Structure formats: C-alpha cells, structure tokens
Amino acid sequence: MIMFGEKEIDFIEYFKMIPLQEIALIGNEIEMPEIINIVRKIHDWVDSSGMDQKPPDFYNEKEKIMMEVMRVDDHGYKKHGKIINPTYMRENEVRKELKNLGFDALFPNAKLVLNVDTGLSTNEDHNYEYYYKNFQRTVINHCEKIENYRENHKNYKLIFFIYDESTAYIEADEIRDSGIYGKPHLYYLDKRFVECFLQADIDYLIWMAPYKRFHDAPDDKQLPKVAIYDLKNFKYELIEYKKEKMVSSEK
C-alpha cells in the first residue's frame with residue numbers, strides 16, 4: 001500500500017493530479033466538471049480541519065460549498081471494541097524509525113511516501129469484508145454529523161470526499177496459478193457501499209480510489225481512479241456482489 005500523506009489537504013492535492021479521463025461522473029454530467037474545478041482550486045478554500053475549528057474540514061465562502069474529507073482502506077477491522085489496522089501500525093513504526101535516524105531534520109519540508117509490508121497474507125491484508133465494514137463505519141460516522149456541518153455553514157452545499165486506499169477486487173469464479181477469473185468489482189456501483197451515503201443529506205460525493213488496478217489489464221479496462229456523484233440526481237442501478245467470492249486483485 002502506498003500512502004500519499006496523512007492530512008486532509010494532502011488528499012486534495014493528489015486529487016488535483018488525476019486526469020479528467022480517469023474520473024467517472026455519476027449524475028449531472030454538465031454540472032459536475034465545475035465541481036471538480038472548484039475542489040481543485042484549493043487556494044479558494046478555508047482549511048478548518050484543525051481540532052479547534054468548526055467542522056467540516058473545508059469551506060469555500062465564494063462558492064457557498066463545504067467539504068468533509070475521510071480516509072478508508074481494506075485493512076482495518078474491529079476487535080474487542082477497538083479498530084485494528086496493521087498497515088497504519090507498520091506505517092507509524094517506519095515513521096518513528098526515520099525520525100530517530102534524523103530524516104525530519106534533514107528534510108523538514110518533505111512529503112513522506114510509504115510503501116510498507118505488513119507481512120500478512122493477501123486475504124488478511126486486503127479483505128473485502130474488512131473493506132465494506134470499514135467504509136460503512138467511516139461514512140456513517142460522518143453522516144451522523146451532517147446536521148452540525150449544515151448548522152455551521154447555513155445554505156452551503158456539502159461534499160463528502162473519500163480517499164480510498166483499497167486494492168481492486170474481483171468476484172471470482174475460479175482462481176488459478178495463472179490468475180483470477182471472474183467479474184471485476186465496480187466499486188462505485190456496489191450496493192453495500194453506495195447505500196451508506198445515497199439517502200444522506202449530501203449534495204456531492206467524491207470517491208477517490210487510485211490503487212484499484214488490474215495488473216494484466218490494458219488501460220481501457222481499468223477502473224476510474226475517481227467517481228464523483230451528484231447525489232440529488234442519482235438514477236443508477238446498483239450491483240449486489242457475493243461477498244464470499246470477493247478476492248483482492250493482488251492475490
């Protein structure tokens with residue numbers, strides 16, 4: 001897993017680099033390119049993600065729009081009431097090791113990009129059930145705060161921005177040494193995931209999933225790196241995947 005940063009602004013900076021042809025527009029395809037432009041002009045936004053600031057994470061007075069940013073993956077799981085995430089734990093270990101070696105002093109303004117190995121098997125490291133439960137838990141937690149967001153910024157439109165670090169998945173019919181054979185997981189139409197936010201009082205949702213790659217597939221068969229929803233004009237049929245058949249493309 002590669003991490004591009006850990007602050008909300010880092011995820012927006014990464015979003016700015018995604019080509020338009022790798023973004024799926026779900027809803028009003030005329031209006032949403034303008035939403036992309038507004039989000040990418042991050043200098044027009046006030047960063048209110050600090051602990052002493054009123055939520056959500058960003059607001060734009062000029063455009064009367066606000067945005068809450070969240071991070072999900074397919075590693076974390078709940079055990080004895082606590083969230084366990086082996087990848088985040090390993091990342092923190094590596095960060096501490098680098099700090100002790102003087103990395104921060106040598107490169108005070110550097111963006112740290114980590115590619116850590118947890119040592120776990122693929123199913124333990126990239127698990128569909130962990131993934132959708134993590135997604136549901138995170139999104140629903142933020143949905144419960146929407147009333148507060150709208151109270152803090154009256155008459156603003158609301159964007160949810162999800163930074164998704166999971167791998168691509170396949171609903172497998174057969175697994176051989178030569179590869180996995182089955183149906184690719186169209187994450188942006190998966191009923192389990194989309195129903196978490198579909199009926200919430202959100203205007204737009206940006207779901208950025210840059211690591212969902214099928215290693216042997218050509219570019220025109222790859223999944224979009226971003227899906228943007230106009231949730232007030234959502235008229236798409238959702239897909240129910242068989243969770244017992246879902247495997248990571250990195251298997």
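A polar contact is a pair of N or O atoms within 3.5 Å, where within protein one must be able to donate a hydrogen and the other to accept it. The legends below describe close-up views of a predicted model.

**View 1. W207 and its polar partner D164.** The side chains of W207 and D164 are joined by a polar contact of 2.9 Å. W207 belongs to strand β12, which covers residues 204-208. Its relative accessible area is 0%, so W207 counts as buried. Apart from residues up to four places away in sequence, W207 touches Y131, F135, I162, D164, Y187, Y188, F193, F197, K225, V226, A227 and Y229. One of these, A227, is 20 residues from W207 in sequence, and the C-alpha atoms of the two are 5.2 Å apart.

**View 2. The largest nonpolar core.** This core holds 45 residues, and those touching the most other members are F135, F160, F197, I202, W207 and Y229. Helix α6 supplies the largest share of the core, six residues. A second, separate core has 26 residues, among them Y14, I23, I42 and M208. In soluble globular proteins, nonpolar side chains tend to be buried together. For Y229, the contacts beyond neighbours within four places in sequence are I26, M32, Y188, V194, F197, D203, Y204, L205, W207 and F234.

**View 3. Helix α6 and its buried side.** Helix α6 has 16 residues, 128-143; at 1.5 Å a residue they should span 22 Å, and the end C-alpha atoms are 22 Å apart, which agrees. The buried residues of α6 are Y128, Y131, Y132, N134, F135, T138, V139, H142 and C143. These cover an arc of only 160 degrees around the axis, and therefore lie on the same side of α6. An α-helix has 3.6 residues a turn, so residues three or four places apart point the same way. At the N-terminal end, α6 is capped by N127, with a side-chain oxygen 2.9 Å from the backbone nitrogen of E129.

**View 4. N60 in strand β4.** N60 is part of strand β4. With a relative accessible area of 0%, N60 is buried, because the cut-off for buried is under 20%. The side chain of N60 makes polar contacts with the backbone: the nitrogen of K62 is reached at 3.1 Å, and the backbone nitrogen of E63 lies 2.9 Å from a polar side-chain atom of N60. Not counting residues up to four places away in sequence, N60 touches I38, D44, W45, I65 and Y156.

**View 5. K54 in the loop between β3 and β4.** The loop that holds K54 runs between β3 (46-47) and β4 (58-60). K54 has a relative accessibility of 58% and therefore counts as exposed. Leaving out residues up to four places away in sequence, K54 touches S48 and N152. K54 and N152 are 98 residues apart in sequence, with a C-alpha to C-alpha distance of 7.0 Å.

View 6. The protein has eight helices and 14 strands. Of its 251 residues, 47% are buried. Among contacts with a separation of 6 or more, 73% come from residues 24 or more positions apart. The average pLDDT is 85, and 77% of the residues score at least 70. In residues 118-122 the pLDDT is below 50, and this stretch has eight contacts in the model beyond near neighbours in sequence. Where pLDDT is low, the predicted coordinates should not be read in detail.

Definitions and conventions: Residues are numbered from 1 along each chain as its sequence is written. This is a predicted model: local features need pLDDT of at least 70, side-chain atom pairs count only at pLDDT 80 or more; totals for chains, interfaces and linings use all residues. Side-chain values use heavy atoms; hydrogens and water are left out. Helices (H or I, at least four residues) and strands (E, at least two) are DSSP runs, numbered from the N terminus. The expected span of a helix is 1.5 Å times one less than its number of residues. Buried means under 20% relative accessible area, exposed over 50%, partly exposed in between (1.4 Å probe, protein chains only). The arc is that of the directions from the helix axis to the C-beta atoms. A nonpolar core is a set of buried Ala, Val, Leu, Ile, Met, Phe, Trp, Tyr and Cys residues joined through side-chain atoms within 4.5 Å. Contact means heavy atoms within 4.5 Å. pLDDT is the predictor's confidence in each residue, from 0 to 100.
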